[in-house]
Amino acid sequence: MDMVMKLGAESPVVIFSKSTCCMSHSIETLIRGFGANPTVYELDKLPTGRQMENALVELGCQLSVPAVFIGKDFVGGSNEIMSLNVRGKLKQLLLRANAIWI
C-alpha cells in the first residue's frame, strides 16, 4: 500500500487504471476535460500491477480501477468522481490541488 500512496502523491492528479477498462478511460477523459493532465498508471502493463491492485482494494476501492488521487488524497473510484462532478465539486478539488487554473 505504501507504493500506491507514494505514487498517488507524486502529481496533482493520479489515476490508477487498466488499459482495457472503459470506466477508467471515461474518468481520465472527464478529468482531462477540465484541463488537468493526470498521471496515469495502467496496472495491467506494470510488473507490480497486481500488488498495486490489491493495495487499492485495501484502501477501499470497490473495484480496483479506476482509482483516483487528487491533491495527494485518495478520492475514490468512478462512482465518487462522477458524484463529485454532478455536484459541481470536482472542479473545486482540481483547483485546490493546482491541477488546473482559472
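Before we look at anything, one definition: a residue is called buried under 20% relative accessible area, exposed over 50%, and partly exposed in between, using a 1.4 Å probe and protein chains only. By that scale Gly88 counts as partly exposed, because its relative accessibility is 42%.

Hi everyone. A word on ground rules. This is a predicted model, so local features need a pLDDT of at least 70, side-chain atom pairs count only at pLDDT 80 or more, and totals for chains, interfaces and linings use all residues. Residues are numbered from 1 along each chain as its sequence is written, and side-chain values use heavy atoms, with hydrogens and water left out.

How confident is the predictor? The score to know is pLDDT, its confidence in each residue, from 0 to 100. The protein averages 92, and 98% of the residues score at least 70. Helix 1, residues 2-8, has the lowest confidence, with a mean of 87, while helix 5, residues 90-96, has the highest, at 97.

Let's start with strand 1. How much of strand 1 is buried? Five of its five residues, 13-17, are buried, so the strand is largely enclosed by the rest of the structure. In a regular strand the side chains alternate between the two faces of the sheet. Here both faces are covered: Val13, Ile15 and Ser17 are buried on one side, and Val14 and Phe16 on the other.

Now its neighbours. Two strands are paired if DSSP finds at least two bridges between them. Strand 1 is joined to strand 2, residues 39-42, by four bridges, and these two run parallel. Within that pairing, Phe16 stands opposite Tyr41, and Ser17 stands opposite Glu42. To get from strand 1 to strand 2 the chain passes through helix 2, residues 22-33, in a right-handed β-α-β crossover. Right-handed here means that, with the strands pointing away from the viewer, the path from the first strand over the helix to the second runs clockwise.

Strand 1 also has four bridges to strand 3, residues 67-70, and that pair runs antiparallel. Here Val14 has Phe69 as its bridge partner, and Phe16 stands opposite Ala67.

Three bridges then connect strand 3 to strand 4 in an antiparallel arrangement, with Ile70 partnered by Asp73.

Those two strands make a hairpin with two residues between them, and Gly71 in the turn has a positive phi of about 60 degrees. Lys72, in the loop between strand 3 and strand 4, has a positive phi as well, about 75 degrees, although it is not a glycine. Lys72 is exposed, because its relative accessible area is 54%. Another non-glycine with positive phi is Asn98, near 60 degrees, in the segment after helix 5. Asn98 counts as partly exposed, at 47% relative accessibility.

On to helix 5 itself. Leu93 is found there and is partly exposed, with a relative accessible area of 22%. The C-alpha atoms of Leu93 and Ile70 are 7.1 Å apart, although 23 residues separate them along the chain. Compare Gly88, in the loop between helix 4 and helix 5: Gly88 and Gly76 are twelve residues apart in sequence and 16 Å apart in space, C-alpha to C-alpha.

Last stop, the largest pocket. A pocket is an open set of points on a 1 Å grid over the protein atoms alone, where a 1.4 Å probe fits, with protein on both sides within 12 Å along at least five of seven lines; lining residues have an atom within 4 Å of a point. The largest one has a volume of about 220 Å³, a volume being the space filled by probe spheres set on the points, which are joined across faces, edges and corners. Of its 14 lining residues, Gln62, Leu63, Gly77, Ser78 and Asn79 are the closest to the centre. Strand 4 (73-76) and helix 4 (78-86) are the elements giving two or more residues to the lining, and helix 4 gives the most, with three.

Definitions and conventions
pLDDT = per-residue confidence, 0-100.
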